[in-house]
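Welcome, and please open the structure in your viewer. We will go from stop to stop, selecting residues as we go.

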Amino acid sequence: MTNKANLVSIISFSRQLDTRGAFGFFWMVSLLLVIAWGFFALFTQFIEGHKVTGMRDNVVWGMYIANFIFFMGISYAGAIFSSLLVLFRVEWSSPIIRITQLISVLCGLIGPLYIFLCIGRLDRLHFILFYGRIPSPIFWDIVAIVTFLVGNITFLYLLLVPDLAYLRDNKELRLSKWRMKIYTFLSLNYHNTPEQQRHLRFAVDILAGILIPVSVILATILSWIFGMTLRPGWNSTIFGPYFVFAALYSGVGVIAIMMWVFRKRYNLKDYLTDRHFNYIAISIIVLAFSYGYFTFNEYFTIWYSFVEWDAQLIKKLFDFKQYGWWFIFSNYIGILVPLILISVPKFRTVNTIGIASIIIVAALWVKRYLVIVPTLETPLFPVQDIRPEYVKYTATWVEWALTFAGVALFLFLNTILTKIIPIVQIIEPISHKVLKRKKDLLGNVESGEGN
Amino acid sequence: MKLKINIILGLIKLSALANILLVYTAAFSQSTKLNMQYEKINNQQTLELNLFTEKENIPISDAKISLFLKTDKINIDLGKVITDLEGKTNFVLSDTLKIPWKFNFLAVYAGSSQLEPATKELSIKNIDLDISFKIFDDKKYIIGKGYEMLENGDNLPLNGKNIYFFSQSLFGLLPLGSGHLENGECKLEFPKNLPGDTIGNLKIIAKIIDDGEYGNVSSEAFTNWAEKKIIPVLPKRQLWTKDPPLWMFISLFILLAGAWSHYIFVFRKMIIIKKLGKEFKEE
């Protein structure tokens, strides 16, 4: 099955598969330390209970739920993007489909972990199976997440199968035995026959087709946990599409960051080209406008109607002594700065797109926090005879540790998986620019030069 | 001589001091007032007592009041009661107590160092009220009868008194109207559209209120002339009930079935791919 064109690709990616060095070592050690710190925090919470968090009688949800929404939003967005790119056979998309889908799967696995952290009585987790109430949005969310994860992981796996088969059969790279075992086990006896290609293509298209509505529905159901609850700032009819666009906006930000990092780290300029970044930039512009539109709608209607309980929330969000700066960061800086950086062609470079994406991701995390905590600090009835520290939420070191541990876990798993699988598809058609590069490299390979 | 003068001076001082004390006590001892009311509900007879200062109407709590039934010969000691924080207290007359048709109650408050004693007498005639229900000329009436219970056991019909009729509602008594007793009888047309319980039962109460001769007397009876209460049958499948709405259940089932059927189809494809690969290997 080896052919010279794919050999060139493999050689290009061998650096990604086999890169070792001091930087990689320290990177992994740092991530493991952060994860270990998170485990210690988890152990502390497990032994002492939720009193080690900032959650109390009034503010019953805090950073854990913000993290859950953040990660799940990115996961849904990744699934939507990769499904659209696969389904519409977008010519330039091959290099980014795998990155997108990997982000989607990893975030989809990490997000629900925060729900477990938020549940006080894990010994009662099975109650959801026996006593789950169908009219509850939380029940819908759990069922939907399980359905989504199965489809998402299967989709990623099917996209990997041809590359795994190629790596299995490749002798030139001289991959280690354990890798060969993994590739052999996971490759589904795939030998790229026309019959197998047909079945595989059909299965991939089916999954891509179903994942788009599933992801949109899931993002909407996630929003309904809040939208169907009678709290100021939550009970809103536009929460469904608002959450979908927020998810897409944060998802494209993470995708851009990952592309930026992989391009720099593994020297993948020929595969993650400026053209790809331009297309990502256009997506960011469109999504920034959409997300900004929904954000403006949401807050402007609340502010204008000035219903008593909503007015209290608005005052809190606009007060610089409380959440005013956070509000400015998430709703102004998070939308306008990326727009300015990316819309102006003079500023639009790969690096500025990467920086803008970091701002987007940070702003959207803050946004999820602002959706949850200020609302819970704004009770429907006046709070009497209660300690001030119970009314105001402040995250403790346990919650911060577990938040960073989640991010570290995402990066750690990402790093591990990209050591096993190529980050860019090999067997699928690749961009024209790379074909030209491949021709150049082919000459080098045949003459025994270059790597 | 000097001694005599000193003694006389001492006595004058003492008497002056005593007078000052008396004046002081008199200036600060308050007059009190004791009110007594008689109430008869069905056959339970109760005396309601209320003790307060006369000038400022301040209720006197924790005061002991003695009650007597005055007869021609002696005063029968009925017992003692203590007032509550509002200066009120009740005394339920025993069923075994033989009371003549006209009875006089005497309530005595002995007073204290700062409160003057008070007494109250109440003369009450023992009467009874009956309620019945009859239909005349296709109209429904509540018939109220009142009579004095004489010493010899006879009943003397009451005249010239008003009986007030009420029905028992959830939070109190609903006034229905009144009737004037003539030859011991009065009637009131039963109101239409009066709500009762699920089978139309309703409690009717007849009262004589604050009468000088008879006190407060009331009697009760039940009738099934009221409007039957219809309890709406709550729908079973609602958002808040144990069983969810059917449309919700079906929608969820369709969505999940749709998604998972696609997954099952894909898993089948994966099995086919694996089989085809095995065949290719064997070839």
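Start by selecting B:Lys161, which counts as buried because its relative accessibility is 18% (buried means under 20% relative accessible area, exposed over 50%, partly exposed in between, with a 1.4 Å probe and protein chains only). This is a predicted model, where local features need pLDDT of at least 70, side-chain atom pairs count only at pLDDT 80 or more, and totals for chains, interfaces and linings use all residues. Residues are numbered from 1 along each chain as its sequence is written, chains are lettered from A and ligands numbered from 1 in the order in which they are written, and side-chain values use heavy atoms, leaving out hydrogens and water.

Next, select B:Glu213, which forms a salt bridge with B:Lys161 at 3.5 Å between the closest N and O atoms. B:Glu213 is partly exposed, at 30% relative accessibility.

For another pair, pick B:Glu121 and B:Lys70, whose side chains meet in a salt bridge (3.0 Å, N to O). Over all chains, the structure holds 14 salt bridges.

Finally, move to A:Phe410. Which residues is A:Phe410 in contact with, leaving aside its neighbours within four places in sequence? Among them are A:Phe71, A:Ile103 and A:Met258 (contact means heavy atoms within 4.5 Å).

Definitions and conventions: Salt bridge = Lys/Arg side-chain N within 4 Å of Asp/Glu carboxyl O.
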